[in-house]
Amino acid sequence: MLQLFKRNDVVGFAILVVVAFLLSLSYFVQPPNIEVLGNFYKSSIGSFTWMKTVYSHHPRLYVFSSLLCWLVVSIYGKQVVVNLKLVPQRNFVPSIAILLSVFSMPMFFVLSVSGLAAIALFIALGQILATPYNKTARSRYFAIGAFIGIAAILYFPYCGMFLAAFIILLSMRLFVWQEILALFFGALFPIYLIFMLHYILVGEVFVFSPQALSVSLPTTLQMRPASILMLATAMAVVVYGILISRKGISGNKVQLTKKWNGLLVYFIFSILVGLLIAIFPSHALILPALCFSIILSSALINNYQKYNTFTFYLILLVVLSLQWVVRFI
């Protein structure tokens, strides 16, 4: 089946769409309980109650909308991974890697406020790794900061990704204070817009509630068997994917090594900020799931064809098990 995604044409896209619907079938048959999703509709600036209302009354419609959203993200992610040359081939394997990662757990798949924030940070990651090392990039720095600012507005702990972006950019380029200022002001720009619009519409200065800015470490483990299986599989794939990516680097090895190092820094930070919530696993871990998908792509596209096939079927089996059996235990 993996060979079906090693295409870069309309047929490959059609196969991706069909498989995406099949992978989401369990969520149509049995939509996740809203209790499992936690506060998926809450943001740093308030609650998006319409998300909770729609899911409560029309869960399958919400599941369908989530499917379409992640399908679009998978196409975007494929373009980013291929253009950055993080994988050696131009095909739809990065797209299916994203879908397998996101569809594995209901709190990842069902679109949440932190999921929207994670998409903004995923776009920022693509911008960071594509930043040219020898050209002025103030506008790009501003855009990166803006995406991080949007993510922080939606889910406050994601503001920690600003530090990750700062570290990665410093490792890839020389320090230029004008660009760092552009990054900083880019992050402040969405927050400024929120304050300005709130003052214009309401006539009062917007004040973040202490509860919206609070963070905590995980104290509750939900879906224990599914969580353990997911973690064990993810750890094995991360180790294997990183080793394979190092061996498969060709062309400009210095720049590709910097990109992979940047991805790993981003991945580690995404895990840290994703754990700043009382329940594990939660919708906040969707960002590391998206970063993990790039590492999974490396584990599925390399010169070891037999291992590629084994890895793909192993991940597929784990995802299907999580969806249909283990999440109900």
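**Ground rules.** I number residues from 1 along each chain as its sequence is written, and my side-chain values use heavy atoms, with hydrogens and water left out. As the model is predicted, local features need pLDDT of at least 70 and side-chain atom pairs count only at pLDDT 80 or more, while totals for chains, interfaces and linings use all residues.

**Core.** I looked up the largest nonpolar core, which has 106 residues; such a core is a set of buried Ala, Val, Leu, Ile, Met, Phe, Trp, Tyr and Cys residues joined through side-chain atoms within 4.5 Å. Buried means under 20% relative accessible area, exposed over 50%, and partly exposed in between, with a 1.4 Å probe and protein chains only. Among the residues with the most contacts inside this core I noted Trp70, Leu99 and Tyr266. I then followed Leu99, which touches Leu16, Ala20, Leu23, Trp70, Leu71 and Ser74 when residues up to four places away in sequence are not counted; contact means heavy atoms within 4.5 Å.

**Helix α9.** Helices (H or I, at least four residues) and strands (E, at least two) are DSSP runs numbered from the N terminus. I checked the length of α9 (residues 138-154): its 17 residues should span 24 Å at 1.5 Å a residue, and its end C-alpha atoms are 25 Å apart, which agrees; the expected span is 1.5 Å times one less than the number of residues. Its buried residues, including Tyr141, Ile144 and Leu154, pack against β1 (42-43), α8 (113-129), α10 (161-172) and α11 (177-202).

**Backbone details.** I found a cis peptide bond joining Phe280 and Pro281, with omega about -10 degrees, and Pro281 lies in the loop between β4 (279-280) and α14 (286-300). Two residues other than glycine have a positive phi: Lys85, near 60 degrees, and Met223, about 50 degrees. Lys85 sits in the loop between α5 (59-83) and α6 (93-102) and counts as exposed because its relative accessibility is 58%. Met223, in the loop between β3 (220-221) and α12 (224-247), counts as buried because its relative accessibility is 15%.
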